[in-house]
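Please look over the structure below. The report that follows takes selected local features in turn.

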Amino acid sequence: MEMAWNVGGREGWLKRRGTSSIPEGEREREREREERGEAGREAVQSFSAVPVTWPGAPPSLCKMLALSVVALLVLSGASWCPLAEGAPRTITPSLLQRKPGILKATATSPVTRTVTTTVPHLALTSPSPSRTPRVGGTASPRPTWAPASLKTTAAAPTRSAKRMTLSTERPTDKTALKKPDRVKIVKKKVLKKKKKKTAKLSTQEKAAKQASECPPLGLESLRVRDSQLRASSMKRYGLGPHRGRLNIQSGIHDGDFYDGGWCAGHEDKNQWLEFDAKQLTRFTGVITQGLNSIWTYDWVTSYKIQFSNDTHQWQPCMNGSQEAIFQGNKDPETPVLGVLPVPVVARYLRINPQSWFENGTICLRMEVLGCVLPDPNNIYFWNNAPVTNDKLDFRHHNYKDMRKLMKEVNEACPNITRVYSIGKSYLGLKMYVMEISDNPGQHEVGEPEFRYVAGMHGNEALGRELLLNLMEYLCYEFRRGNPRVVRLVTETRIHLLPSMNPDGYETAYKLGSELSGWAMGRWTYEGIDLNHNFADLNTALWDAEDNEMVPHEFPNHYIPIPEPYTFPNATVAPETRAVISWMQRYPFMLSANLHGGELVVTYPFDMTRTYWKAQELTPTADDPVFRWLATVYATSNLAMVDDDRRLCHYDDFMREGNIINGANWHTVPGSMNDFSYLHTNCFEITIELSCDKFPHESELPQEWENNKESLLVYMEQTRRGIKGVVRDKDTEEGIADAIIAVDGINHDIRTAFDGDYWRLLNPGEYEVTATAEGYHPVTRSCRVSYEDHPTLCNFHLTKTPKQRLREILAKGGKPPKDLILRLRQLRMRKLEALRRRALQ
Ligand SMILES: [Zn+2]
C-alpha cells in the first residue's frame, strides 16, 4: 500500500529524480526513523556518562537525568527493577534490534530529545514535542520523544478488591518486591548495566517467544468484529473502540470519520478498551501502539490489564502479589509487546491506561495475543474445519527458507520448473525467480509470458508467501494431473519473483509480523521506495500528446528511457535496475505486482496527468482492458467479495467493485505499472492483498484460500484478446519488432524475437494493422470472442520494392528486371502526385 499523503509532482523529469524519488511524506518518515535511531544511540551514550560528569548540574536537570536513566533501565529490563523477575516484560522492536544484524540503519530506540517548537493546539510545556500537519511535504519539526516511562515507575501498584474464579496458570509468588529506592538504583545499575544487558535481552526474547506461541486474535486482520470491541468512553465516533486496532490508518482530514485509533472521552485512570474473545482464551500478551494521526501525538505510556468472564467482575492482571503495570509506547507508531507475567484464561480482556504522553490524551491501537481453548459448549469449537485442503508450506519464509523452498519445488518438478536470479539487492541477496512452463528456459513461439512480482515493499509480506504457495501448488497439481493447471503450465510461461526487495523484507521479518509496524522494511536498504523508482515515461508521453506529436513524431508505446536515468550516478536502486533489464529480456505480456495494507486492485496510470494533483482519474488508452483485468482479480478474491467486510482503514473501495485507477487513489510517479505499460508490451496491475501488511502465520492458509482462485484466473487472462505471428510472406520467417496497431486504441504493441505477439483486448471486432520497416503494412479485421482462448490473427507482410533492392545490393547481387520496372513505376507515380499537388 502507498502512503496517503504522497503528493508527487510532474515538474520535470530530472527534478523529480533528484528530489522526490522518495516522495515527501515518506522521505520525511524515513528521516524521522533515522533520526530516532541516531538519537537512540545518543541517549545510550550520555547515559553511561552520567555518574561521572554530572555533580554540578542543576538539581532539576539531575533529577530529570536520573529519572530518564531509570526509565531507560526499566526499558532495557535490568534486574534491579521491581517488576523484572517474572514481571510483565515489554519488548520493543528497538530492543530486539540490538542483536547483531542488518538492522542498524532503521533502529528506533528509546529517545530523550528536546526540540523546542511551536504547537498550534496543544498546551506547550518545554521541552515539548510539536506537531504540524505533515501534509504537503514540508519537513515538519521533529517531536520530542519524552521519557514516557517516568510515569510508569511512579505509578504505584494498586490492590484489587476482589478475587474471581478465573484460572490463572502457574501463579508464582517468588516476586514479592519492595519499592525501589531511586537514588540507589541509579548508582547500582549504571555500573551493572553492561554486564546485565545481554543476559536480560535473551530473557526478553524468551518472553516474546513465549507470548508469540499464541497468535494474535485478529484485531489487526479484522477477524475480530467491531462488536467485539467496547470502551469506557470515546472522544467521538471516529475514535471509537472499533478503531483501536493495531496498525489501523487514519483518514487524512482532522476529525475524520475513520480515525487512527481509539481515544477515550475522559482523561483519567478509569478508562478502558475492552476485547471480547467470544470464548475462553488463554491470553498471553497485548501489543499497543499510539494514535495514527498527522495532526496530533497521542499514546499511552503505561497501563494495567483486567480480565473477566462476564464483564461484571474483573480481576486485575497480577504480578506476584502486586498488580502488574505494563510499559506502553514511546511514540505513536512503534508497536510494543506487553507479555503477561503468567498466561490468564478468560473471555474478556481490558486494557486500562494509567499514564499517557503528557501533551496528548488517552489513545491507543492494540492487538491481543492468545490461544483459544477448546470448549465443546461453544459453537466456534465445532467450526474448526481446515480452511484449505492444499498441503502447502504455510509459514513466513526468510531469505534462506525461501531459497530452500524454491529448490525443493524445483527438485519435485524438474521438468516444468527452473530457478534463476535476475540480480542482487543492495546487500547482495539474490532476486530469485521461479519459472514454470512445459519447456522451462525456452520461449516457445506463440506462448505468452506472464509474471507475478511480490515484495516490492519489503514489509508487505503476504504476496511473497502467496507466490511461494503458488509455485508449490502448480508443481503438485501438475503432477497430480489437474487439467486446469496442466493447461496453464503447458500454454503459458510463468515467472514468479517472490521478493523484489529482499533487504527490506529481512528487516521486517526480524521484527516479526506484529512488531514491524506499518512501515519498517518498506524501503530498500538505501531507503528507496521501489514503486517510485522506475523511469517516469508518462511526462514525456503527455507532453508529446499535448503537442499533437503522438504517434507520428513520438511513439505511443516502447517509450525510451530518458538518458539521465541511465547514468551510473542516477538514484536508481540495484533492485530496480535488475527488474528493468528482466522486463527487457523477456516478452512479458501480462503481470501483476502484489502489495498489502489494503484490499483493492489498482490499474494504471498510477501517476496523475495534472502534475499538481494528488488524485485524478488518469486512464490509459487501454482502460477497458485494465478495468477488466482488475475486475477479474477483485471478483474472484474471497476477501474482497465479502459484502460484510469492514473497511481496512478509511477508503471505501467496495462501492467501486474493489478496483480503482491508481492515480485516482493517489499519484505515484515512477511506478512499475506505468513503466511496464509505456516501455514494454506488458500490461500490469497492482493488487493490494490484505488489510494487514504482514499477517500472522496463522492467517496464511486463509489468505491462500482467499487468493488462490484469483491468482489462477488472473494468469488465465493471457488468453484474452488476439495473438499471432507476423511473418515475411516470401521466407515465412517471423519479423521481430513489427508494430501491431489496433484501430481506435492509441497504444501499440510489438512482436517479440520470433515475430509472435499478444494483444490483450476485450471481446469485440477490431481493425488490426501490422507494420514493419521495409514491409507494406497489412490491415485485417480480428474478432475477439468470449471464449477461453485468444483469437489467432497472423500477418504476412510483403517487402517493399525499395527494401528488396536494398537487400540485393547489400549482398552484391544484381536486381531482377521486374523489380527495376516496379521501382521506376513507383517513382513516376510519386512525381505525378507531386506535380498535381503543385498545380492545385
Ligand atoms: Zn505497497
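## Helices α10 and α11

Helices α10 and α11 cross with a left-handed sense. Left-handed here means that the near helix is turned anticlockwise from the far one by less than a right angle; clockwise would be right-handed. The partners are α10, residues 462-480, and α11, residues 483-491. Their axes come within 8 Å and cross at roughly 110°. That makes α10 roughly perpendicular to α11. L474, E477 and F478 of α10 make the contact with V485, V486 and V489 of α11.

Some terms apply here. Axes are lines fitted to C-alpha atoms, for helices over the stretch in contact, and angles run from 0 to 180 degrees between N-to-C directions. Angles under 35 degrees count as roughly parallel, over 145 as roughly antiparallel, 65 to 115 as roughly perpendicular and the rest as oblique. Contact means C-beta atoms, placed from the backbone, within 7 Å. Helices (H or I, at least four residues) and strands (E, at least two) are DSSP runs, numbered from the N terminus.

## Model and numbering

This is a predicted model: local features need pLDDT of at least 70, side-chain atom pairs count only at pLDDT 80 or more, and totals for chains, interfaces and linings use all residues. Residues are numbered from 1 along each chain as its sequence is written.

## I436 in strand β13

I436 sits in strand β13, residues 430-436. I436 is buried, with 26 other C-beta atoms within 10 Å. Buried means 20 or more other C-beta atoms within 10 Å of the residue's own, exposed means 12 or fewer, and partly exposed lies in between; C-beta atoms are placed from the backbone.

Leaving aside residues up to four places away in sequence, I436 touches I416, T417, M471, L474, V489 and I494. Among these, L474 belongs to α10 and V489 to α11, and both take part in the helix contact. V419 is 17 residues from I436 in sequence and 8.9 Å away in space, C-alpha to C-alpha.

## Helix α12

Helix α12 spans residues 502-511. Of its 10 residues, 9 are buried, so the helix is largely enclosed by the rest of the structure. The buried ones are P502, D503, G504, Y505, E506, T507, A508, Y509 and L511. G512 follows α12 and has a positive phi, near 95°.

## E688, annotated as active site

An unreviewed UniProt entry annotates E688 as "active site". UniProt positions are given in the numbering used here, feature names are shortened, and annotations may be inferred rather than shown by experiment. E688 lies in strand β19, residues 683-688. It counts as buried, with 26 C-beta neighbours inside 10 Å.

## An open sheet

Four strands form an open antiparallel sheet in the order β22-β21-β24-β25. Strands count as paired if DSSP finds at least two bridges between them. β21, residues 739-742, pairs with β22 over 2 bridges. I740 stands opposite I749 in β22.

Two peptide bonds deserve a look. The bond from V550 to P551 is cis, with omega near 5°. P551 lies in the loop between α13 (538-546) and α14 (563-566). The bond from P604 to F605 is also cis, with omega near 0°. F605 lies in the loop between β17 (600-603) and α16 (623-636).

Y558 is placed in the loop between α13 and α14. Y558 is not a glycine, yet its phi is positive, about 50°. Y558 is partly exposed, with 15 other C-beta atoms within 10 Å.

Conventions: Two residues are in contact if their C-beta atoms, placed from the backbone, lie within 7 Å.
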